[in-house]
Amino acid sequence: MRFPSLLAPTAAGLASVVRFVHLWSVIASFARLSRAIDFTPAPPPNLELSNLGRVGLVGDFDAISLFAYAQQKQHGFSTNGSQSIITQFPGGGFATLASTDAPINAMCPLVLKNGSFAGVIVGGNFTSLGGLETQGIGLFDPDTAKVTPLRGLQGKVAALLCDKDTETVYVGGDFKGANSTNAIAWVVSSGWTNLPFAGFNGPVNTIAKTANGHIVFGGSFDGLGNTTTPGKKDQQVINISSGSISAGSTTITSGFNDPKNIACKTGGQDGPGNTWLLSDNQPGYWRAEFKYGFIPTKLRVWNTHQDGRGTKTFRYTALPINGIMNFTYTDPDTNQNATCDARCPLSGKPDVAFQDFHFVNPIGMNAFQIDVSEWYGSGGGLDGIELFQDDIYTFAVNDFNEPSCANIESSSKANVVGPWVVTTPRQSDSEYLTIKVDGTTNGDNSSVVFLPDIKQSGNYSVTIFTPGCIQDGTCANRGRVNITGNMASATHPSAAMQTEIWQTNNFDKYDPIFYGFVDASSGSFRPSVTITPSAGQSGSMAVVAQKVRFELVNSTGGLNGLFEFDPNVAVVDTDFSKSTIDQAGTSLDTGAKVTDVVIAGNTAFVAGNFSSANASNILSIQDGNPTELPGGGLNGEVYALIINGTSLYVGGNFSDTRKGGTAGLNNVAAYSIPDKKWLPLGAGVNGRVSEIVLLTLNITANKPELVIGLTGDFDQVLAFAGNNASQAQGLAVWVPSRSNWLQNLNVQVPSMTGILTAWVKVPTGNYLLAGSLAFGGMRAGGGVTLSTSGPLGLNQLSLKMQPTNSLQGSSSRKRAQITQQGVTGIVTGYFYETGGRNLTILGGHFTAQGLNGSSVDNLAFINGSNNDAVTGMGDGLSSDSTFLAMTVQNDVLYAGGTVTGKVNGANINGIVVYDLVGAKYGTQLPAFSGQNVTVNAIASRPNSGDIYVAGNFDSAGSLGCPSICVFSTSSLQWNRPGSGISGSISAIAWAGSSKLVVGGNLTVGDSTTWMATYDAKANTWAPFSGANSIPGPVTALTAGNDQVSQFWVAGKSDNGSSFIMRYDGSTWWPLGDSFGKTTSIRGLQMLSLSKPHGKTIYLDQNQVLLVTGELDLPNFGNASAALFNGTTFSPFVLSTSGNGPGSVSRLFSQKQNFFKPNRGHLPLGFVVLISLAIALVLVFLIVGIGVYVNHLRIKKEGYFPAPTDNLERYGAMQQRIRPQDLFERIGRGGRAPESSPMI
């Protein structure tokens, strides 16, 4: 197949050839470099958790994952229209490869004839891909993330087909490119290429290749064709008078020396104020510069005859390209056509009012200059200049519209409502209007109505231009706008138009907004296009309005949404009856809209919004014969099709077949191709399905399997076969192997929210997706456990959060702001395993699903001894309560927070008591009182029955007990620990059995401090040593060593930034600016390592600091937990909550062995005692060894009994050896009598 290339030298010159040669080298490079996508594994955390027993993480998250790859990020899905190319990590998570500023509609793999992979063609409505200006289509290398723009199109790309056999990419959509409209080809060997039929007179939505190699286009068109110039040419007047006008060699004669005299003058009258003259016998120039661009097609010039003067020859130079234009004109003397360039003649005859010069090659410009080279009489001059164009533009800035002095009956103009201001662009070709509004602003108070000058009725393509946001710095404030239009009088069916577009484009873009009939302007009717801010947005917004273009469309007719093209035919036969596919389209009712075509063997499935006598919205064409599907098709529009194996998956806006009788086909269905039978997907979803994609997910044992992803306007998968309705905010996943929705599976499954709009399978076997995803990892309702043996991993807790009524952009659990802590979700946890029990206790602010579908508010028990049954504490507490701290002593749970209610007749405020053995409320403590009562921390004093409760309160019962109070479990009463402390306590920790360390916003005596210590023996409080160097209230603290003589603290400084400091026993050490401004630290915890890190002044080599919360790590971004090794913070846990970052409140564990034994420095007394013990052991060991060796030697030398006669003489009580016997033996050296003498 050979088409005339748009990049051939005759078409675009040598520069285009050079650009294409560069592009071809890029493609060749892509093909050579093709390989599997590589990801950089994150360094392992090397945590040693085996000595902690069970370990849990709790917080405010819907999904959570461990940080495993350097490319892994924690973020929500985009809500400003931007999207990304997405791939999967080896472990199943999702990674962003490149982002766009608007939707991606289609992708296809570009594979060359030799089998090499050249990259992925990406099409959509974007202006930026991977940060590079890319108008609607580009080539993307997934291995290197390199983007190559395929420049040349203006508009939206909706469909792509990469044909390996011809190395051609077929492109369809709503665009203009070269001499084609809505369909064009990009050939690897030659670049952009016009198809023989030059496109269609309406948008193309889908492109497919049949088994015989033909290409099928589907869309909203009724003929082949292209945009064309109006029958009445050169009709729009360019407003010269709005330009900046200057001249050279102008006369000094008053009344004739102003070059503005001839702008917008059509009378041809000589005289002061009407004529511009040059100095006598001097060449000169007249110049106009504009704040907008245009493409003129005709120049009209009125020559002067003032005092016998006039211009004889001139040239026209286009700026800024500095090119001399070629013209055709009619010679007034011969009435013959002629051409000119550098010396265009003007007649000097007074009866020639004006002369028209037509541009041979119209080009864009924003300035021009007319140079007068010869003249009549004493010098040159002019009486008037006008420029015309074929293009029909209406600008928001009225200075750029047709001039009022042109005496046009219905000149183009814009009606502006609201405080719009003119913005001068740095990149766009014209100035535009900008208005700053609140997202809730009524559009009636801020609108621009474009009123074009339409002189010829007909079918038009209407395009609105939106300037890019980078040039004016408004990207963060751009949003959506509503476009409405009235295109024809009330007697025509295409009178109204409405659509919505995003204005978040980085660079200038062009949105086609209408195809159809437009009436010419008249005294009773004018076409109009209105732009207003869309409703339902929030925050400060910047709305822009630039211009609207109307283009007349020429068409062959004879089609109805389908066209079959044979690439081997150079000339298209417009006898469409020869194609069964074309005939299938024409057999449908007029105005058919085809949204998707897929091919399965010899069968083509066609879907959209159409009907006929036998089929509605979907049909098949098999072996050239159109055939209805069972039930006569579907009873609503179909938007998307996809084939997986022998199943055809169908998405749209339907509820059954056209004839009815097939239950469960709510907006999505499967069609068995071999069985010719409709099958429901559960009971479907509760709203329109607009896109279907294929992707792989790890459903079981890390084995990826193919699943079906749906995107649309729904928020639930419907209940079916014992499965309750489940939340699915615009994105649902069907798992064919389980015949169920991912949302219903009771396994550790990934959590996905957002939208998916396109997919492609690359030759390496990987699936690439397009859209915007919030993927936090494993689905989890605010709590998980960590693997403490084997590879580090996360495990779901059997806690299912209940959805709320408001689903848009929120997480799936109940939320409320906590007064003191500013956190939501699950805040604290406890593992209780005394007496063979196995309870996981979780507290915070949430609503979970309990046994038999009951609701459990804010504190939940997961009973591992009873199939993980979930229960609550029972009635009595307010559902607005929030639990922030808990402890267990003697099988009694003490849980505190902002807790209120009434239990067994007792008022509850701040703390509640629960009997874990009897599974019932216990005897309640006298309630706290004060303003905003909150319990933030609870801890038992070591080796006692005293429970210390701290927070924000004034008294406990009748006992004045500000900030901290002690409950004695032996006397069952509150006691005040010392006096002189007040304020709000956030965290506490015991340093031994008699010293308590507290952090918060405190007053001790007359001193304000962020930390204090309590001596339980002396019953006194004192500010913590050096606490005045802490920059703000302490909200979290943890012991820094096993002797609890060192501490780590965190909080917020006065300037709002988060801080972390370490106390080494004598000195405070700050970590500096380690976090971004949005950081909120919830918890700190020291952990042991299995492998040491390098030496630092902050940490032992075998320890690491875990920081939890909502963290903003410089050079990384959002994380929910990070590990500090004394040098750097490394992401550890990532999570999401709804469509935003999640947070981890804290780590809790079954055992508190956070430090490795015998790794720290022991007190001197213990060192001395241990040394003495070791010395004694060594002495006894040496003595024992000596005795044993001596025994062996004696045995070897022979044994003889000591004399006993003297012993007998002295009696039984005399057990001594006589001195002479002893000395006699010593003299013999201890040897036997027969031994050799000693020498």
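This is a predicted model: local features need pLDDT of at least 70, side-chain atom pairs count only at pLDDT 80 or more; totals for chains, interfaces and linings use all residues.
Residues are numbered from 1 along each chain as its sequence is written, and side-chain values use heavy atoms, with hydrogens and water left out.

View 1. Strand 51 (residues 668-672) is joined to strand 52 by 4 bridges, and Ala670 has Leu679 as its bridge partner in strand 52. Strands of a sheet pair through backbone hydrogen bonds, either parallel or antiparallel.

**View 2. Strand 37 and its antiparallel partners, strand 40 and strand 43.** Of the 9 residues of strand 37 (residues 458-466), 8 are buried, so this strand is largely enclosed by the rest of the structure; buried means under 20% relative accessible area, exposed over 50%, and partly exposed in between, with a 1.4 Å probe and protein chains only. Strand 37 is joined by 9 bridges to strand 40 (residues 509-518), where Val518 stands opposite Gly458. Strand 37 also pairs over 6 bridges with strand 43 (residues 547-555), in which Val548 is the bridge partner of Ile464. The charged end of Lys547 sits over the ring of Phe465, 4.8 Å from its centre; the criterion is that NZ of Lys or CZ of Arg is within 6 Å of the ring centre and within 35 degrees of the ring normal.

**View 3. An aromatic pair between Phe197 and Phe563.** Rings of Phe, Tyr and Trp (its six-membered ring) pair if their centres lie within 6.5 Å, and planes under 30 degrees apart count as stacked, over 60 as edge-to-face and the rest as tilted. By this rule the count comes to 56 aromatic pairs. Phe197 and Phe563 form one that is edge-to-face, at 5.0 Å centre to centre with 70° between the planes. The pair links distant parts of the chain, 366 residues apart, with Phe197 in the loop between strand 15 (191-193) and strand 16 (204-209) and Phe563 in strand 44 (residues 562-565). Both residues, Phe197 and Phe563, are buried.

**View 4. The disulfide of Cys469 and Cys475.** The structure holds 4 disulfides, a disulfide being a pair of cysteine sulfur atoms within 2.5 Å. The sulfur atoms of Cys469 and Cys475 are 2.0 Å apart, and with 90° about the S-S bond the link is right-handed. Cys469 is buried at a relative accessible area of 0%, whereas Cys475, at 29% relative accessibility, counts as partly exposed.

**View 5. The disulfide of Cys961 and Cys965.** The S to S distance is 2.2 Å, and the torsion about the S-S bond of Cys961 and Cys965 is about 115°, so the disulfide is right-handed. Cys961 is buried, with a relative accessible area of 0%, and Cys965 counts as buried at 0% relative accessibility.

Conventions: Two strands pair if DSSP finds at least two bridges between them. Helices (H or I, at least four residues) and strands (E, at least two) are DSSP runs, numbered from the N terminus.
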